[in-house]
Amino acid sequence: GRGAGYLRGMSSPLSAETRCSRFSLALATGALSLREVVHAVRAARHAGGPVPARDLASLEKRLHWHCHFIQKLESEPEIEFRNVHRGFDGLREGDFNREWFEAWRRRETGWPFVDACLRSLQQTGWINFRMRAMLVSIASYHLWLHWPEPARQLAAWFTDYEPGIHYPQVQMQAGVTGINIPRMYNPVKQSQDQDPRGGFIRRWLPELAGVPDDWIHTPWLMGTAQQRAAGLRLGETYPLPVRDHEQAAREARAKLTAWKRAYVEREESRRVFEKHGSRARQPRRGGGARVPAAPVAPAADQGELF
């Protein structure tokens, strides 16, 4: 019955811990087969029970995406090491800021929700998919880090590490596939949306336990007196943000747009899509054969299973 509420509860780390299937470790290690899971999900949908049908349908959809992403790496193993879209070669490689990477790796970015997710992941080996996507997005855009090194660090932390899902998803979130819309997660908005009262933040960042709800998402805006009242000393007990997140996002967006205009060719995008894009099918027209729909690249959250 733990899957009840899966559809609504998978996005926030507050609820995902008990709403997500948590099959990923067993699947990644081979202790459980995907076939067995699919049969069990379909049987539960047919029989009815404590888990609503829409939650089971959502889970089964993501089981399909599980295989879809594993097939990407099977068909092009170089994805583990090289950009899917060669037009993005050179985009970030020469700008890798070691200090920013170390702040991210040490869980000291100064953005509370990001640091709480990193600390939770490092200590438990698991975090829900949306937060995984956010962590890669923050590293790729706000910190402008080329994806392989953050990817290897995340792989070392994930107890359910599955390379076939990991590397295609990392590249998707880093915006180097050429067939997916880049998603730049705002660390403050994600915090407000997914942890509105700051419970998750305070759980993993006890140094912020005394910070009021009004400031828990943006403690760097607190004055000296407010910090003192909360038992906080920014820059000492908790770091200041490594960057202004709004300015960092603007700069990343401008760099990405300029690069795509100059170097990303449609022919290469078409090659990537033909090899890796998903393809839906339209209903039959006039009783004839099914007509393939316009190919659709999977959305950035379609790898959700964890």
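**Helix packing and one arginine**

Me: In what kind of crossing does H4 pass H5?

Reply: H4 passes H5 in a left-handed crossing (the near helix is turned anticlockwise from the far one by less than a right angle; clockwise would be right-handed). The helix names come from DSSP runs of H or I with at least four residues, numbered from the N terminus.

Me: What sort of model is this, and how are residues numbered?

Reply: The model is predicted, so local features need pLDDT of at least 70 and side-chain atom pairs count only at pLDDT 80 or more, while totals for chains, interfaces and linings use all residues. Residues are numbered from 1 along each chain as its sequence is written, and side-chain values use heavy atoms, with hydrogens and water left out.

Me: Back to the helices. At what angle do H4 and H5 pack?

Reply: The angle between H4 and H5 is about 160°, and their axes lie 10 Å apart (axes are lines fitted to C-alpha atoms over the stretch in contact, and angles run from 0 to 180 degrees between N-to-C directions). H4 is therefore roughly antiparallel to H5 (over 145 degrees; under 35 is roughly parallel, 65 to 115 roughly perpendicular and the rest oblique).

Me: Which residues of H4 and H5 meet?

Reply: From H4, the residues are Leu34, Val37, Val38, Val41, Arg42, Ala44 and Arg45. They meet Ala53, Leu56, Ala57, Leu59, Glu60, Leu63, His64, His66 and Cys67 of H5; contact means heavy atoms within 4.5 Å. Sorted by class, this contact has 11 nonpolar, 2 polar and 3 charged residues (Ala, Val, Leu, Ile, Met, Phe, Trp, Tyr, Cys and Pro are nonpolar, Asp, Glu, Lys and Arg charged, and the others, Gly among them, polar).

Me: Next, H7 and H8. How far apart are their axes?

Reply: The axes of H7 (residues 112-124) and H8 (residues 129-142) are 10 Å apart, and these helices pack at an angle of about 115°. H7 passes H8 in a left-handed crossing.

Me: And which residues of H7 and H8 are involved?

Reply: Phe113, Val114, Cys117, Leu118 and Leu121 of H7 meet Met131, Met134, Leu135 and Ile138 of H8. This contact of H7 with H8 has 9 nonpolar residues, with no polar and no charged ones.

Me: What about H9 and H10, left-handed or right-handed?

Reply: H9 and H10 make a right-handed crossing. The axes of H9 (residues 148-157) and H10 come within 11 Å and cross at roughly 140°. The two helices are therefore oblique to each other. On the H9 side the contact is made by Ala151, Arg152, Leu154 and Ala155, and on the H10 side by His166, Tyr167 and Val170. Those residues divide into 5 nonpolar, 1 polar and 1 charged.

Me: Changing topic: where is Arg202?

Reply: Arg202 is located in helix H12, which covers residues 199-204.

Me: Which residues does Arg202 contact, neighbours in sequence aside?

Reply: Setting aside neighbours within four places in sequence, Arg202 is in contact with Arg197, Leu208, Ala209, Val211, Pro212, Asp213 and Ile216.

Me: How many residues apart are Arg202 and Ile216?

Reply: Arg202 and Ile216 are 14 residues apart in sequence, and their C-alpha atoms are 8.5 Å apart in space.
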